[in-house]
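This report describes selected features of one protein structure. Please consult the sequence and the model shown here while reading.

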Amino acid sequence: MEQSSVRELQPIIDAVRLACELCRRVQASKAGVSRKSDASPVTIADYGAQALVCRALAHSFPEEGVIAEEGAEGFLTVPPGEREQAVRLVGKLLGERVTEETFLRWLNHGRGVRSDRTWIIDPVDGTEGFIHGRGYAVCVGTLVEGQPADGIIGVPVSPLDAGGTLFFTDAGRAWAETLEGGEPRALNVSDRVDPPSIRVVESYVMGRRSREMADRVYAAAGFDARRAKRYDGMVKYALVAAGAADLFIRGPRDIRKNPHKTWDHVAGTALVLAAGGQVTGLDGRGVDFSQGAELRGTLGLIASNGRIHPSVVAAMAKAAGEEWGFLPQPE
C-alpha cells in the first residue's frame, strides 16, 4: 500500500492546524453544546473544524471521497446565533468572506463519493474532553484498499509539547512536531516488553463494565494498572506511536447497540503502523475498515508496540474471550 508524502498532504496538515486554532477559540468562548440524535454531544467546534478540513480537501483532492462524523443536516439544527458564530469564525481564520451556504457545502464535501482513496475525518475526537476543558484531537486519516494509509492528528493539549503536538505520517513513516511548526521528529514505538514496565493508556471516561474488563486483562498480562494514564480522543494512539505508551485497548462493547466508528480509529491506526506498532481486533485478527462509517463485526481494537501484542491478545482471550465469544488466533 502506497502512503502519501508530506508534500502532498501539506494542505490538509495546514487545515488541521487551523482547525486546532478554531477549537482553541471556541473552547475559550465556552460556546453551547448540542445533542445529536444518538444523544452524543456536539459543538460548533466540531462543525467548524470539519468545514476547514473539507474545504482543503475540496481544493486539493476534489474527486476523492470523504467519510466524516458531522454533516450539514446536523449543523442546521444548531441555534441560529451559534451557526452564525461558527461561520464567522471560519471566515475570520481563513481571511475571507464565508456564507452559511458555502459552510454547509464544505461540511458535506465528498460524501457518498467512491474513490481509490477515502478521507476519514473526526473533527473533534474527544468532544466530552473538549467540553470539560480537557484534551481532544482533530483527526484526519485515509483509507486505501480499505486499510489505513495515512494519518494526521492535531492535539492542542498535548502531554508531549506545551504548545500542542501535530502528529502525521509521511511516506510510510510517523512524525511529530509542535503544533506551531518546527523541525519534525521521527516517531518509533517502544521496545518495552517487561510486564511491570508497560505503559498503558486508556479512555478518560470508562463505564463500570469496561473498567472491570480492562483490569482483568491487565492482571492476566501482568501489567500494573496503577501506571495507566487516561486521555480523551485519539491522542492515545499517537502516544503509542511516539513510544510514550505501549498499549491502548478499546472495547469490547456490544456492537449491536453501539458499533465502533471508523473515524475514531483510522488516523491513529495509520500512525501506529507507520511507527512500527501493531493494531488488530481483540482476537488478534486484522480489522476491516472498508465497511463505511461503522466497524461492523469489530468488538474492539488493540494498539501496541507490537512486541507485546501476542501476550495482550492471549490475556484478552483469557479475561474476556469466553464471555465475548472469541479466542486468540494461532501465530
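In the hairpin of strand 7 and strand 8, which residue takes a positive phi? The residue is A171, with a phi near 50 degrees, in a hairpin that has two residues between its strands. The model examined here is a predicted one.

**Strands 7 to 9**

Strand 7 covers residues 165-170 and strand 8 covers residues 173-178; the two pair in the antiparallel sense. The hairpin of strand 8 and strand 9 has six residues between the strands, and G181 takes a positive phi near 110 degrees in it.

| Strand pair | Bridges |
|---|---|
| Strand 7 and strand 8 | six bridges |
| Strand 13 and strand 14 | four bridges |

N188 is placed in the loop that runs between strand 9 (185-187) and strand 10 (200-203). Is N188 buried, partly exposed or exposed? Its relative accessibility is 44%, and therefore N188 counts as partly exposed. Leaving aside residues up to four places away in sequence, N188 touches R173, A241, A242, G243 and A275. T99, by contrast, lies 89 residues from N188 in sequence, and the C-alpha atoms of the two are 43 Å apart in space.

An open sheet is formed by five strands in the order 11-10-12-14-13, with mixed pairing. Strand 11 (229-231) and strand 13 (278-281) stand at its edges; each has a single partner strand, so one side of each is left without a neighbour in the sheet. On average, neighbouring strands of this sheet are turned by 25 degrees against each other, direction ignored. The partner of strand 13 is strand 14 (residues 301-304), paired in the antiparallel sense. T280 has I302 in strand 14 as its bridge partner. Helix 10 (residues 309-324) packs on the sheet and touches strand 12 (247-250), strand 13 and strand 14. The direction of helix 10 makes about 150 degrees with that of strand 14.

**Buried positions elsewhere**

V144 lies in strand 5, which spans residues 137-144. With a relative accessibility of 18%, V144 counts as buried, because the cut-off for this class is under 20%. F289 is 145 residues from V144 in sequence, yet the C-alpha to C-alpha distance between them is 9.8 Å.

In helix 5 (residues 100-107), the buried residues are T102, F103, L104, W106 and L107. Which helices are included in what covers them? Among the covering elements are helix 2 (44-60), helix 3 (72-75) and helix 4 (80-94).

**The second largest pocket**

Rolling a probe the size of a water molecule over the atoms shows where empty space is left. The second largest pocket holds about 320 Å³ of space. It is lined by 15 residues, of which I67, R114, S115, T118 and S290 are the closest to its centre.

Methods:
Residues are numbered from 1 along each chain as its sequence is written. This is a predicted model: local features need pLDDT of at least 70, side-chain atom pairs count only at pLDDT 80 or more; totals for chains, interfaces and linings use all residues. Side-chain values use heavy atoms; hydrogens and water are left out. Buried means under 20% relative accessible area, exposed over 50%, partly exposed in between (1.4 Å probe, protein chains only). Contact means heavy atoms within 4.5 Å. On a 1 Å grid over the protein atoms alone, a cavity is a set of points where a 1.4 Å probe fits but cannot get out, and a pocket is an open set with protein on both sides within 12 Å along at least five of seven lines; lining residues have an atom within 4 Å of a point. Grid points are joined across faces, edges and corners, and a volume is the space filled by probe spheres set on the points. Two strands pair if DSSP finds at least two bridges between them. Axes are lines fitted to C-alpha atoms, for helices over the stretch in contact, and angles run from 0 to 180 degrees between N-to-C directions.
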